Amino acid sequence: MIGVFDSGFGGLTILRSFLTRLPQYDYTYLGDNARTPYGNKSQAVIYAYTRQAVEFLFDRGCVLVILACNTASAKALRRIQQEFLPARFPDRRVLGVVIPLAEAGVDVSRYGRIGVIGTRATIESGVYEQELSKLRPDLKVFGQACPLLVPLVEEDWVGKPETNMILKKYLFRIKRKKIDTLILGCTHYPFLQKDIERIMGKNCRVLNGPETVSDKLIDYLSRHPEIDQRLGRNRIVNFFTTDDPARFRLLGQKFLRHNIPEVERAVFEN
C-alpha cells in the first residue's frame, strides 16, 4: 500500500493524480486537518507531527509513504529518512515532493529565473533554493511566502473575490522579478492553479505539481522493484483525517473529484 500524507486537503491533488496515472495500487490518505496549517509551526513540531503520521500509515500496511506536504518535505523528510527509518522501519521508504518539483523546474526554465511560492516554513527553509542550485548553480531563485492561501483553500474560498485579491498581492511581488517558471511549493495551491496562471501571464510557466510527482513515482517504482513488488494491487483507497470525518468527506470529494465512501478519524497526541 502507498501512503499519502498532507497537513490537510492539499495532498488530495497528489492522490488524484496517482489514481489517474497509477490506479492499480492500494492507497491510504491521511490529512492532519485538526493541526493544519503546518507552515507557521516550528521545525521540531513539524517533525513530531510528520513522524506520527508516517508511523500511523506504516501501522496500516503502507510500504511507501509520500509526504505530499511541502512543509513536511522541507522540514522533516531528511531526518525521517536518516534517523527514524533506519532505527524503526529499515524496510520502508518515505519520499517527498520538493526534489521532483525542483528537477521539473530546471527542466522547463528557459532563462534560469524560477519563482517559488509556499508556506512561510517552506520558503524560510530555503530548501527549494538549495535543491535548485545543486541541479543548476547559475539559477536565480525567488521565493514568496503566502501564509493565507492554505486556510483559504481549506475553508473552500477558492474563486472568491477576496481570495483573488490576496493571491494577486502575493503574486505581483514575485512577478516583478520577471521569472519564467513558477513552482507551486504547496500541494494546496493547485486548487488555485487557473487563477495563478491567469495572474502570472503567458510568459511564465506554472508547473503542474501533481503530474510531476506522479511521473517521478512511476520512475521510482520502475527503479525499485523490491518496493513495487510489495505494494497491493486491489485498487483499495482508504481515507483518514485527524478532524471531522464528515467535513473531510464533503470537501474532500470536491477537491479529489472522486467519490469518498468513508472517512475514519485518526487520533494523535498533541
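**Exercise 1.** Which residues in helix 1 meet which residues in helix 13? Describe how helix 1 and helix 13 pack.

*Solution.* The model is a predicted one.

Step 1. On the helix 1 side, the residues are Leu12, Leu15, Arg16 and Leu19, and they meet Phe248, Gly252, Phe255 and Leu256 in helix 13.

Step 2. Sorted by type, the residues of this contact are six nonpolar, one polar and one charged.

Step 3. Two packed helices are described by the angle between their axes and the distance between the axes. For helix 1 and helix 13 (residues 245–256), the angle is about 55° and the axes are 9 Å apart.

Step 4. Angles of 65 to 115 degrees count as roughly perpendicular and those under 35 degrees as roughly parallel. Helix 1 and helix 13 are therefore oblique to each other. Their crossing is right-handed.

**Exercise 2.** Repeat the description for helix 2 and helix 4.

*Solution.* Step 1. Helix 2 covers residues 43–59 and helix 4 covers residues 77–88; they pack at about 45°, with axes 12 Å apart. That angle makes helix 2 oblique to helix 4.

Step 1. The crossing of helix 2 and helix 4 is right-handed.

Step 2. Helix 2 contributes Tyr47, Thr50, Arg51, Val54, Glu55 and Phe58 to the contact, while helix 4 contributes Arg79, Ile80, Phe84, Leu85 and Arg88.

Step 3. By type, the contact of helix 2 with helix 4 holds six nonpolar residues, one polar and four charged.

**Exercise 3.** Locate the largest nonpolar core and the residues with the most contacts inside it.

*Solution.* Step 1. The largest nonpolar core has 53 residues, and Leu182 and Ile196 have the most contacts inside it.

Step 1. Helix 1 (residues 12–21) gives the most to this core, with five residues.

Step 2. Take Leu182 and leave aside its neighbours within four places in sequence: its contacts include Val116, Ile117, Leu171, Ile174, Ile196, Met200 and Leu207. Gly115 and Arg205 are also among the contacts of Leu182.

Step 3. A second, separate core has 28 residues, including Tyr47, Tyr49, Phe56 and Leu67.

**Exercise 4.** Examine the backbone at Pro37, Asp156 and Arg257.

*Solution.* Step 1. Most residues other than glycine have a negative phi, and most peptide bonds are trans.

Step 1. The bond joining Thr36 and Pro37 is cis, with omega about 0°. Pro37 sits in the loop between strand 2 (27–31) and helix 2.

Step 2. Asp156 is not a glycine, yet its phi is positive, about 60°. Asp156 belongs to the loop between helix 8 (149–154) and helix 9 (161–175), and counts as partly exposed at 23% relative accessibility.

Step 3. Arg257 has a positive phi near 60°. Its place is in the loop between helix 13 and strand 10 (264–265). The relative accessible area of Arg257 is 67%, so Arg257 is exposed.

Note on methods. Residues numbered from 1 in each chain as written. Predicted model: local features only at pLDDT ≥ 70, side-chain atom pairs only at ≥ 80, totals over all residues. Heavy atoms only, no water. Axes fitted to C-alpha atoms, helices over the stretch in contact; angles between N-to-C directions. Helix = DSSP H or I, 4+ residues; strand = E, 2+ residues; numbered from the N terminus. Parallel < 35°, antiparallel > 145°, perpendicular 65-115°, else oblique. Left-handed = near helix turned anticlockwise from the far one by under 90°. Contact = heavy atoms within 4.5 Å. Nonpolar A, V, L, I, M, F, W, Y, C, P; charged D, E, K, R; others polar. Core = buried A, V, L, I, M, F, W, Y, C linked by side-chain atoms within 4.5 Å. Buried < 20%, exposed > 50% of the residue type's maximum accessible area, 1.4 Å probe, protein only.
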